[in-house]
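Please look through the following briefing with the model open beside it.

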Amino acid sequence: MRMRAMKQFDFIRKEQYNCIENIWATLLKTQGIAYPLMFAENWGFTIFPPEKTDDIIGFRIGGGQYRVMECLSTYLGVVTKYYEEENTATQLALLDQELEAGHFVMIEADSYYFPWKFVGERHDFIHYGLIVGRDAQSGDYQCLDPFENSDLNKLTRENLIKGKLHCMTIRNEEPQEEVVWQKIVEKAVGIILLDDGISGIKGIKKLALEIKSGFCIAEEIRGFEEMIWLAPIIFRISDIGSRRLNFAECLRYLGENYGVEALYTYSKALEKLGGKWRRVRRIMVTSATDKQKDYIPMLSQIISQLADDEEQVAIGLSKLVSGL
């Protein structure tokens, strides 16, 4: 993908998107590409068994495999390559080479060294940005970060070195598969109904039981009391909700573009479920400070109901695909 002038970027920032998804949405919409297809395999869930008795739930749950990059390649022909080389000098050389050739470069680095971020110089975790050029006078890199703002943010070479830069190159090629809405929906249903004991609907039901039998919010947020939104349990529940909202966006796109009104109806249903997962997150945050009330029964009940409701959506979509 070739670089464009700053004024030509169509910035997108949605709360349900993580930092890299806001970048992709901004970049693809700017290029006139239907970005909701990158969420075609977002509807999932996983809960791993504890490796030891004191393993917190926050480290064991998630939205399943993260396959946005694969969907970009499969359905949109946007091919990425992540460079694992730990030598920062090599990464910087690659970055400069790509910019010289007129290509955007996705970068991965420690958020501590992104000075415009709220967590800059405060917390260490992986963050992504899009390098679109260099300042002719200072030599600083120009970084887009739609998650935070709509600016050309200055990023020094020194910060990239300290942040342990890794690069991801981006190329436009032909999509690997033709977009067939029935196949996309069928695959999504297969993921959420996967029956392996830890995934999908049964995994969500297992989470509800674990919450009911032994959940301690104080243990889950230990070390994150001042930044509770970054605590593993809060962060993962937020991601699970976001994935429902994002897949709902994909269903809505498919419904609108292929004239299938029922997909729009299921999109709205899944959107509501994504919102309910966010309610779970809010209740957990509240439970960390409100010591007067036991929130565990409520949390367990809501999550159990979410499992039932998601199963009904999955069954409905399966019948839609099969023509029943």
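In which strand is Glu108 found? Glu108 is found in strand E4, which covers residues 105-110; helices (H or I, at least four residues) and strands (E, at least two) are DSSP runs, numbered from the N terminus. This is a predicted model, in which local features need pLDDT of at least 70 and side-chain atom pairs count only at pLDDT 80 or more, while totals for chains, interfaces and linings use all residues. Residues are numbered from 1 along each chain as its sequence is written, and side-chain values use heavy atoms, with hydrogens and water left out.

**The protein as a whole**

- The protein contains ten helices and eight strands, and along its principal axes the C-alpha trace spans about 60 × 50 × 30 Å.
- Buried residues make up 50% of the 324 residues, where buried means under 20% relative accessible area, exposed means over 50%, and partly exposed lies in between (1.4 Å probe, protein chains only).
- Of the contacts with a separation of 6 or more, 71% are between residues 24 or more positions apart, a contact being heavy atoms within 4.5 Å.

**Glu108 and its surroundings**

- Glu108 has 13% relative accessibility and therefore counts as buried.
- If residues up to four places away in sequence are not counted, Glu108 touches Tyr82, Ile126, His127, Tyr128, Lys164, Leu165 and His166.
- The C-alpha atoms of Glu108 and Leu130 are separated by 9.0 Å, and these two residues are 22 residues apart along the chain.
- Lys164, one of the residues that Glu108 touches, lies in the loop between helix H4 (157-162) and E8.
- Although Lys164 is not a glycine, it has a positive phi of about 60°, and its relative accessible area of 59% is why Lys164 counts as exposed.

- Strand E5 (residues 126-134) and strand E6 (residues 141-144) pair in the antiparallel sense over four bridges, and two strands are said to pair if DSSP finds at least two bridges between them.
- The bridge partner of Leu130 is Leu144 in E6.
- E5 and E6 form a hairpin with six residues between them, and in its turn Gly139 has a positive phi of about 80°.
- E6 also pairs with strand E7 (residues 153-155), in the antiparallel sense and over three bridges, and here the bridge partner of Gln142 is Lys154 in E7.

- Helix H2 (residues 68-76) is mostly covered, with eight of its nine residues buried; among them are Val68, Met69, Cys71 and Leu72.
- Just after H2 comes Gly77, which takes a positive phi of about 70°.
- Leu99 is found in helix H3 (residues 88-100), and its 10% relative accessibility is why Leu99 counts as buried.
- The C-alpha atoms of Leu99 and Thr286 are separated by 46 Å, and the two residues are 187 residues apart along the chain.
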